[in-house]
Amino acid sequence: LLTPFLSPPEIYQFIAEVGPFDFLGALDFSRGVNSDNVALVLIAILLYGLVRGRMLNLADNLFPILLAVGGVLLIARGARFMWEGLLLATPLFAVVVRRDSARIDLKRFAGLLLVLLALARAYFLANAPLIHAYPLAEDTLPRGTTDFIENLNIEGDYLLPAGYAGYVEWRLPDARVHMDLQMPPFDSFDYFESFSAQHSRAGFLHLVEKYKPGLIAVTRSNSNFAHFTSDQSYVPVVYDQLLVLYVDQSAYPDIASRYELIHLDPFNPDSIQSGSQQQVILELEKMLSVTANLPDVRLTLIGYLIAAQQFEAALPHLTILSKWQPENQSLLFFKADIARKQGNYEKAISNYTRLFELTDEPHRIGPLLGESYFRSEDYVNAYKTFAASINPYRDVQNNLLHYYFYAFSAYRTGDIQQARKLIRIMEALYQGGNEPLIQEVRALKEIIGD
């Protein structure tokens with residue numbers, strides 16, 4: 001309980017949950033009942049108990065009143081300590097309820113609290129995919145990079161974002177993590193050094209000169225970090241859904257020479273820094289040879305295998321990821337893409353249909369679903385799908401092949417006017433090349449006439 005009072009006063013500037021409790025926000029019930037709303041009700045009861053404390057026998061109830069005062073002080077130190085503060089106030093709740101039991105319907109009071117807690121749980125479950133779910137969701141933890149360190153028995157000083165340090169300390173008890181968010185023993189300057197080393201070159205050079213950590217991990221969104229290390233001995237060796245891990249070549253020459261990511265950009269894995277697709281595929285397979293717990297790496301590998309027309313090599317990885325997250329949109333897209341390119345239109349339609357229901361980009365998925373219907377000669381569903389996903393008047397893709405499928409499907413389903421409009425648009429957009437396609441367009445125009 002001393003920790004909140006020993007922490008630096010500016011701690012709320014870098015740990016948001018230690019900021020003041022948002023009383024006004026907790027008054028908002030418009031989106032349902034959440035834990036803050038429940039806490040506000042309990043705080044109101046606590047304050048009522050403190051006011052009523054003047055009417056209580058102080059000698060008999062000094063201990064619960066002092067505990068409640070301590071709870072109020074904890075809550076005043078930050079929202080993070082809200083529940084600890086309310087726990088300290090529990091004895092006072094009992095005193096107030098016992099004293100006023102003649103005027104309080106205890107069953108109704110208990111029922112009210114249970115309903116509030118049930119509503120708060122329902123709110124949490126409804127919004128779980130939208131909020132940071134740690135520690136309930138494994139994809140909010142840097143499991144892959146931690147497995148990599150553990151499986152290769154890498155030891156040494158490890159600098160990573162402080163918010164993930166507690167998990168790494170639990171998984172790697174022998175690791176010397178640079179700092180976590182325990183304050184004390186750490187202070188605000190320690191946090192400054194850690195944060196600035198990951199987000200500015202000056203901060204990085206300062207920390208490396210002072211501590212020389214053997215391992216450094218930064219968030220995947222922090223692509224500028226690659227420029228900080230361009231003339232240093234740190235190289236990237238693995239990434240997971242959260243972090244990119246760098247090792248010091250001078251401290252771990254064997255690890256660096258075997259696993260350095262030369263051709264793949266770990267901050268933007270869809271782009272090739274140098275070399276060929278096959279060299280990128282080899283780097284991705286090396287990471288997976290150390291730990292299979294890298295779903296983002298596996299997804300990226302599937303994409304490159306498909307691009308290289310290595311469909312059979314991609315299928316085992318699709319099977320593995322299907323057990324991990326069967327309705328992952330990238331996974332559904334890859335499954336549909338392979339099926340479409342292999343001519344298995346029934347399977348492609350099944351996966352594209354589910355993806356079309358989930359995606360917020362129907363203009364990207366719809367034409368591929370429409371193409372699958374078209375190639376299976378289901379012109380009615382092809383026409384419906386193209387009509388729902390292609391607006392030629394605002395389309396920036398201008399895919400003439402899909403426009404032709406759309407026009408032909410419109411013709412086969414009896415919408416001659418739409419087919420004529422699409423032919424006119426295709427003729428305006430055609431700039432040469434793909435002669436077989438434009439011949440098909442002209443043949444369709446002859447059939448339906450002007």
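Is Phe408 buried or exposed? Phe408 is buried, because its relative accessible area is 16%, and the cut-off for buried is under 20%. Before going further, please keep in mind that this is a predicted model.

I'll start with the whole chain. There are 450 residues, and 44% of them count as buried. The chain has 23 helices and five strands. Its accessible surface comes to about 24000 Å², with 55% of that belonging to carbon and sulfur atoms. On contacts: taking those between residues at least 6 apart in sequence, 54% join residues at least 24 apart.

Now back to the aromatics. Searching the whole structure turns up 16 aromatic pairs. One of them is Tyr379 with Phe408: the ring centres are 5.6 Å apart and the planes sit at 55°, so this pair is tilted. Edge-to-face would need planes over 60 degrees apart. Tyr379 belongs to helix H20, residues 379-389, and Phe408 to helix H21, residues 400-412, so the pair ties together parts 29 residues apart in sequence. Tyr379 is buried as well, at a relative accessible area of 15%. Both residues are members of one aromatic cluster, which also takes in Phe374, Tyr404, Phe405 and Tyr411.

One other ring to mention is Phe333. Arg364 lies over its face, 5.2 Å from the ring centre.

Next, the sheet. It is an open sheet of five strands, in the order S2-S1-S3-S5-S4, and the pairing is mixed. Strand S2, residues 176-177, and strand S4 are the edges, each pairing on one side only. What joins S4 to strand S5? Five bridges do, and the two strands run antiparallel, with S5 covering residues 243-248. Within this part of the sheet, Val238 stands opposite Leu245 in S5.

H14 runs over residues 277-290, which is 14 residues. From first C-alpha to last it reaches 21 Å, close to the expected 20 Å. Which residues of H14 are buried? They are Val280, Ile281, Glu283, Leu284, Met287, Leu288 and Val290.

Terms used. Residues are numbered from 1 along each chain as its sequence is written. This is a predicted model: local features need pLDDT of at least 70, side-chain atom pairs count only at pLDDT 80 or more; totals for chains, interfaces and linings use all residues. Side-chain values use heavy atoms; hydrogens and water are left out. Helices (H or I, at least four residues) and strands (E, at least two) are DSSP runs, numbered from the N terminus. The expected span of a helix is 1.5 Å times one less than its number of residues. Buried means under 20% relative accessible area, exposed over 50%, partly exposed in between (1.4 Å probe, protein chains only). Rings of Phe, Tyr and Trp (its six-membered ring) pair if their centres lie within 6.5 Å; planes under 30 degrees apart count as stacked, over 60 as edge-to-face and the rest as tilted. A charge sits over a ring if NZ of Lys or CZ of Arg is within 6 Å of the ring centre and within 35 degrees of the ring normal. Two strands pair if DSSP finds at least two bridges between them. Contact means heavy atoms within 4.5 Å. Accessible areas come from the Shrake-Rupley method with a 1.4 Å probe; for residues, only the protein chains shown count as cover.
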